[in-house]
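Grab your viewer and work through these exercises one at a time. Try each task yourself before you read the solution under it.

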Amino acid sequence: FGGNSIGTVCGWVHDTRFTAAGSTTDTELDYAQDGITGTVPTEFGLLTTITYLNCALNDFTGALPTQLGLLTAVTSSGTSADRRLASGDDGELGESDGGFFQSNRLSSTLPSELGNLVAMRDSLSVASNVLDGPICSEIGKLTKLASGVSLTSNSLGGPIPTELGYFTNLGEEFSVGNNVLTGALPTELGELTALTSTFSCQVNNLSSSLPTQLGRVTDLGSRFEMSNVMLTGSIPSELGNLVMMSAHMLVSSNDLSGTVPSELGKMSSMKVEMVLAENKLTGTLPTELGNFAMLQKLFAVNRNSFTGAIPSQLGSIVLLQEGLMLSENRFSSIPTQLGVLAEMEKGFFMYGNAELCNDLPTQVAALSTAVDDAWQVVTDTAIGTPCCEAFVNVYGECTSNPSPVPTTMPSALPTPSPTACSPGEYLAS
C-alpha cells in the first residue's frame, strides 16, 4: 500500500488489486473462505494502511507472524454483522460467524504484538485453530472492541489474564471455552457489563469458584456456558441477577456443592436449557425454580444429591416439551402437579432416586403415553413399594390394619317366671 513493496503477498494471493510493483489503493482485504493454504506471510506487516483484514475460514498453518502487530490502522476484522455493531447499528444482527483468522489450522502461540491493534472496533477471533501456549495479556489493550473476542476451540493454556476484564465495550461475545486453561476465573470478568449474548469458558481446567462479580453482567441474554471447567464452591446467589437470560444457562459437570440459591428463579425468561446437572449440589430444590414457566426444553438437575420432595411448583413449567431431568438424586416424593406437563414429548427422567417409594401418582403415570421417547421413572427406585417396606429405618416397620376380633354375642339370660303375690304381701327382695 502507498508504494510499499509487497510483491510476495501479491504473488501469494494472486490478488488483482495489487499492481505488478506490489502496491494497491484498496484499504480492505477480505480473504475469508477463499480456500487459501500455507503460512501467513510475514509481509502482511507491510500493509500498514489497511483498515480491514479478514482471513477466516481458510487452511492457514503455522504461526501468526508477529508482524501483524504493525497493522495499527486496522479497525475491523469481523463479519458484516460485527462491523455494523461496532459502528453503532445494532439492528437485525445475527450471530457472528467470526473474522480475522478464525477457523484455520494455525498453531504455535498468540503473538503479544496483537496488543498493538488498538484501533480495532469490532471483533477479534482466532477461534477454531490449534493454537497453544498462554493467552497474552497484551490483547487486553484492545478496549475499543465492541462485538466479540473469541479464542475458543484451541489448546490455549495457563491462566485467564485479568486484563481481559478491560473489554468493557464488548456487546456480543466473550469466549475462551474449549481450551486447557487453568487457574481461577478473574473477578475482573464481571466488568464485561455490555455483553448481551455469550459468556463462555466451558471445557477448561480452571478449578475455580464462580465469582460473585459475574452477577453484574445483567444484560447477558443467550449463553452462560460454564460446564466442564472443574468449578468448585457454591453457586453465587448473584447469578440470579442475570434476568435477561433466555437460553443456555449451563453450569453442569463441575464440582459445585451446597444448595441452589432461590434467586435463580428470577431468570423467568428462560426458554431453553437450564442445566445444573452433574455436580455435588445438596439440599432441597427451591420452589422458585417453578418460575421457569416459559421453559420449553431441558430442565436438568440430575446427578446431584438433592433430597426432599420434588417441588410441586415444577408443575408450572407447562410449556416444557423435552427434558425433565431429575434422575440420580435422593428425592423422596413425586408431586401430582407434575401430571399437568401435558406438552412433554421426550425425556422424562426420574430413575436412580432410590428414596422414591409408594405408588407413582396416577396423574404423572398418565404422561407416559405422551412421552414417546425416553420415559425412565421407576428404574432403580422403590416406586410401587410402600415406603415402610423400602425404608424401615426411616419410616419404621409397616403396621398392617389388624383384622377385627370377632365379638361373641352373649347368651340370652332366662327370663324368670313371675311369682304370684297374695293380696296384702310384697315380694321378698
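**Exercise 1.** Does Ser 153 count as buried, partly exposed or exposed, and what is its relative accessibility?

*Solution.* Keep in mind that you're looking at a predicted model. Start by finding the residue: Ser 153 sits in the loop that links strand 8 (148–150) to strand 9 (155–158). Next, read off its relative accessibility, which is 31%. Buried would need a value under 20%, and exposed a value over 50%. Ser 153 therefore counts as partly exposed. While you're there, check the backbone: phi of Ser 153 is near 60°, a positive value in a residue other than glycine.

**Exercise 2.** Find the loop that holds Asn 228 and look at the phi angle of this residue.

*Solution.* Step one is the location: Asn 228 belongs to the loop between strand 13 (223–225) and strand 14 (247–250). Step two is the backbone: Asn 228 isn't a glycine, yet its phi is positive, at about 55°. Step three is accessibility: with a relative accessible area of 39%, Asn 228 is partly exposed.

**Exercise 3.** Trace the strand pairing on either side of Ala 300.

*Solution.* Begin with strand 16 (residues 272–275) and strand 18 (residues 297–300): they run parallel and are joined by 3 bridges. In this pair, Val 275 is opposite Ala 300 of strand 18. Now go on to strand 20 (residues 322–325), which runs parallel to strand 18 and is linked to it by 3 bridges. Here Ala 300 has Met 325 of strand 20 as its bridge partner.

**Exercise 4.** Zoom out and describe the chain as a whole.

*Solution.* Count the secondary structure: there are 5 helices and 25 strands. Then take burial: 46% of the 429 residues count as buried. For the surface, the accessible area comes to about 19200 Å², with 50% of it belonging to carbon and sulfur atoms. Finish with contacts: among those with a separation of 6 or more, 68% are between residues 24 or more positions apart.

Technical notes: Residues numbered from 1 in each chain as written. Predicted model: local features only at pLDDT ≥ 70, side-chain atom pairs only at ≥ 80, totals over all residues. Heavy atoms only, no water. Pairing = 2+ DSSP bridges. Helix = DSSP H or I, 4+ residues; strand = E, 2+ residues; numbered from the N terminus. Buried < 20%, exposed > 50% of the residue type's maximum accessible area, 1.4 Å probe, protein only. Contact = heavy atoms within 4.5 Å. Areas by Shrake-Rupley, 256 points an atom, 1.4 Å probe, with all protein chains shown as cover.
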